[in-house]
Amino acid sequence: MDPVGVLRQIALQLERAGAPTYRVRAFRRAAAVIAALPEDELARRVRDATLTELSGIGATTAGVVTDAVAGREPAYLTEVTTRGAPDLPDGGELLRALRGDCHTHSDYSDGGSSIEEMALAARELGHEYLVLTDHSPRLTVARGLSAERLRGQLRVIAELNPTLAPLRVLTGIEVDILPDGTLDQDPELLAELDVVVASVHSQLRMPEPEMTRRMLTAVADPRVNILGHCTGRLLKGRGRPESRFDARAVFSACRDNDVAVEINSRPERLDPPRRLLRLARELGCRFAIDSDAHAPGQLSWLPYGCARATECGVRPADVVNTLPADEFIAWASGH
């Protein structure tokens, strides 16, 4: 068994199960250390039981590597595979139709893994494209990207893409909708990106009339492609109630401006709620079914969104990320 692949697979399973970040990082760090070793040194250290002398390799990860090199499935992999991750719903026809994921994060902002790690995991899932949408500057708690940092990220994506075929990493951002409805990034830079997801992250308890005006202003901006997690609710932990806004007005504006309403698949969000999802469908909106992944293993959460969309009558033709990459980019650039 490939020890690097096994370590990464364990990390993926832990992410899917919502394990603490420090535990996931231990396996990803170990994978990077082992990947950098010459083959003869790895064999020697396994034979001499000296793997733990390497920085980043502990007793657990050393045991996993030793088992993998010997051709045995590590017990830790068996455990996390059979008991660690929750059962995902059947994503059905919608999941099979998806070509890509429009809302993902890397360690440039508040994600836990590099762009390359996110892209490789997306490629393993069979995605045709992955849109990288790290946060914008004013979301400092999430290390939002200044214009300078975002331009640097664009250069990294351009350098990586030739190595990732057949996957394509598309450029994007999850830009904050500011209280007055304007967008938290340089307009000229936004126009350079493949995809712009616009989301509310602050003043979520704003009175309904003001929140409605805020969202209508953002949706009318020609640079916006997708309205992200529209109610801002959180279902787990302390939870957070839905933001209040005139959903009929906002969704009608999404339809009229050809802005897709996001169906956010994160288990703690599942946003919008079913009643609003049904309303958006009845009004003729388009949708984007996204993972909002902050780690590679979370890219597999799309079935949660697909199942809810199917329950509410959303069809593959209604979902923008069922489009092939070139058609998807053409749709986004047509705004």
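**Sheet and helix packing**

An open sheet is built from 7 strands in the order β1-β2-β3-β4-β5-β6-β7, with parallel pairing; two strands pair if DSSP finds at least two bridges between them. Helices (H or I, at least four residues) and strands (E, at least two) are DSSP runs, numbered from the N terminus. This is a predicted model, in which local features need pLDDT of at least 70 and side-chain atom pairs count only at pLDDT 80 or more, while totals for chains, interfaces and linings use all residues. Residues are numbered from 1 along each chain as its sequence is written, and side-chain values use heavy atoms, leaving out hydrogens and water.

The edges of the sheet are β1 (100–104) and β7 (287–290), each with a single partner strand, so one side of each has no neighbour in the sheet. Strand β6 (residues 260–264) runs parallel to β7 and is joined to β7 by 4 bridges. In this pair, N264 stands opposite D290 in β7.

Helix α14 (residues 325–333) packs on the sheet, where it touches β1, β2, β3, β4 (195–199), β5 (226–227) and β6; contact means heavy atoms within 4.5 Å. The direction of α14 makes about 30 degrees with that of β3. Axes are lines fitted to C-alpha atoms, for helices over the stretch in contact, and angles run from 0 to 180 degrees between N-to-C directions. Helix α8 (residues 147–160) lies across β2 (129–132) and β3 (168–176), and runs at about 165 degrees to β3.

Helix α2 (residues 21–35) packs with helix α4 (residues 59–69) at an angle of about 50 degrees, their axes 10 Å apart. A26, F27, A30 and I34 in α2 meet T60, T61, V64 and V65 in α4.
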